[in-house]
Amino acid sequence: MKNFQIREDFYLDDRPFKILSGAIHYFRIHPDDWYHSLYNLKALGFNTVETYVPWNLHEPQKGAFTTEGIVDIERFLSIAQELGLYAIVRPSPYICAEWEWGGLPAWLLAEQVRVRSSDSAYLRHVEDYYAFLLPILAKHQLSQGGNILMFQVENEYGSYGEEKAYLRAIAELMRKYGLTAPFFTSDGPWRATLRAGTLIEDDILVTGNFGSKAAENFDQLQAFFDEHGKKWPLMCMEFWDGWFNRWGDEVIRRDPDELALAVMDTIERGSINLYMFHGGTNFGFMNGCSARGQVDLPQVTSYDYDAILDEAGNPTKKFYKLQELMKKSYPQLDYADPLVKEAKAYPTVSLNDKVSLFSILENVSDCQEAFYPKSMEELGQNVGYTCYRTWIEKDKLEAERLRIIDARDRVQVFLAGEKVATQYQEEIGEDIFLNQLTKETDLTILVENMGRVNYGHKLTAPTQRKGLGRGVIADLHFIGQWEMYPLPLDRLQELDFTKEWQENQPAFYRYHINVEHAQDTYLDMTGFGKGVVFVNQQNMGRFWERGPILSLYIPKGYLKKGENEIIVFETEGTYRENLRFSPEPIYKDIL
């Protein structure tokens, strides 16, 4: 068996070993494309793949564990090993990653635990998860004939807390369930985060995260080593070669020439993990959210990241420029031409069916009733939308005042089926005036969870609980007697398109496309308002006319030969009679 050690350098079978790694998140890429991405990493001349492990996909409901489909991490690791790649694995419980709640499962919000702490209740949940996950990873360690070199303890904890007892508890659980490969931590490379977030006193390797100024950042890391008498190799565990995007912001791009030189500077001094090598896609409702002041800023579906490979896994200018410099400085490494997939613009298809959400609520959700509204988590729901309905009486002739208290993240208010207001976080709580035409009128509120914060102090904030919060006030009193419909949108096979469609209401739109030979494509969502798209019942992610991206990437693996069903759930009443496709992403100019 091969042997990996950390001394004054990394050693593989007693020979110095420079780790040249790239991040590829298996859970952001269709399994049919794992080989493509991993091959291209090897073709660049690199020797290692790094991945996070998302707890919320491996245990989506408490006690319900899975490694099937897009979370078949064993298959991912095996493909990497067959290609001659080693692996670095960062097995939660928190991953950040611009991922929904940083990978923490939303059902924890109903458990009254303090996450990322030594809270015994929280650690019991971590242990249940680790008892399932870690024996699987243990089989793929280098010492067991696999390809995993080392494992991370937690993730950038120095940017969140300083509870060493918690970090030690996580490390101990990792050892308990069979991980024997070396451990490491990764944090910002300055002393404050390193002091708070590392276990250097326990002889666990410390690595730094940065995207430029390698000399300066490695000097800070080296100074921390010297302070503690450690002779360790320097490694940038996350070299940020691009950045993520938020709704309404400009697409962030980094100059390929500048990036390639910055990477080479880092490699000259130490080892590297490119974050990201291939970013992929936040399928479903899994996009994360940035916290800025009082307002949370949701991130887009695409995790293209302006990475070395684009969202579809094809080489960018950064790939070719970096490979060119690598060949000059390290001619002894193995290089190859990258694989390239072609995307296709399928013929435009026409709308087949449409139906309003309010006409089929009972088909796609089970109603729960309570006097006061319950949060999404109290309803046993993790992501998506929640619909609340009640009846209100008319108390006066003039318009009556309504206020929504503590809802997250976005609400649409309907009176007798007519939309009267849309509010976002910064507006929720402001007055809404209703003109009731009858003595008693149905009030319906659709609440959207636009993504939980994935980084920083707001991880534990009440804002990460979604739904109606404390409730709705008419005049000066809270309204009671609510019907509540959880809408994770996982029951689309029960949609009944024979029922009514009404203008300006949230609705489902169904299209069909016949495919002879499946190829990647991009759905052109220009002309639609806001919502999500399903291809053959699989959630491709969110779209929003706000931009900056107006298309959704559809990997060929989600298409099949013959007839394919595409369902668009759109909340604004803005849709197209024809659905168009593109061979490339479509961007909106952000002024």
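**Nonpolar cores, cysteines and a parallel strand trio**

The largest nonpolar core of this predicted model contains 139 residues, and Tyr122, Met150, Leu489 and Phe508 are those with the most contacts inside it. Helix H4, spanning residues 120–138, makes the biggest contribution to this core, supplying 10 residues. Apart from this core lies another one, of 24 residues, which includes Leu351, Tyr511, Phe528 and Leu552.

Setting aside neighbours within four places in sequence, Leu489 is in contact with Phe285, Tyr385, Phe508, Val532, Phe534 and Phe569. One of these partners, Phe508, is itself listed with Leu489 among the residues with the most contacts inside the core.

An unreviewed UniProt entry annotates residues 10–328 as "domain: Glycoside hydrolase 35 catalytic".

Strand S9, residues 205–210, gives a closer look at the strands. Six of its six residues are buried, so S9 is mostly covered. In a regular strand, side chains alternate between the two faces of the sheet. In S9, Leu205, Thr207 and Asn209 point one way, whereas Val206, Gly208 and Phe210 point the other way, and all of them are buried.

S9 has parallel pairings with two strands, S8 and S10. Strand S8 (residues 183–187) is joined to S9 by four bridges, and Thr185 has Val206 as its bridge partner in S9. Between S8 and S9 the chain passes through helix H6 (residues 191–197), forming a right-handed β-α-β crossover.

Turning to the cysteines, the structure holds zero disulfides. Cys96 takes part in none, and the nearest cysteine sulfur to it, that of Cys289, is 12 Å away. Cys289 is likewise in no disulfide, with the sulfur of Cys96 as its nearest cysteine sulfur at 12 Å. Since a disulfide requires sulfur atoms within 2.5 Å, this separation rules out a pairing between Cys96 and Cys289 in the model. Cys96 counts as buried, at 6% relative accessibility, and Cys289 is buried too, with a relative accessible area of 1%.

Conventions
Residues are numbered from 1 along each chain as its sequence is written. This is a predicted model: local features need pLDDT of at least 70, side-chain atom pairs count only at pLDDT 80 or more; totals for chains, interfaces and linings use all residues. Side-chain values use heavy atoms; hydrogens and water are left out. UniProt positions are given in the numbering used here, feature names are shortened, and annotations may be inferred rather than shown by experiment. A nonpolar core is a set of buried Ala, Val, Leu, Ile, Met, Phe, Trp, Tyr and Cys residues joined through side-chain atoms within 4.5 Å. Buried means under 20% relative accessible area, exposed over 50%, partly exposed in between (1.4 Å probe, protein chains only). Contact means heavy atoms within 4.5 Å. Two strands pair if DSSP finds at least two bridges between them. A crossover is right-handed if, with the strands pointing away from the viewer, the path from the first strand over the helix to the second runs clockwise.
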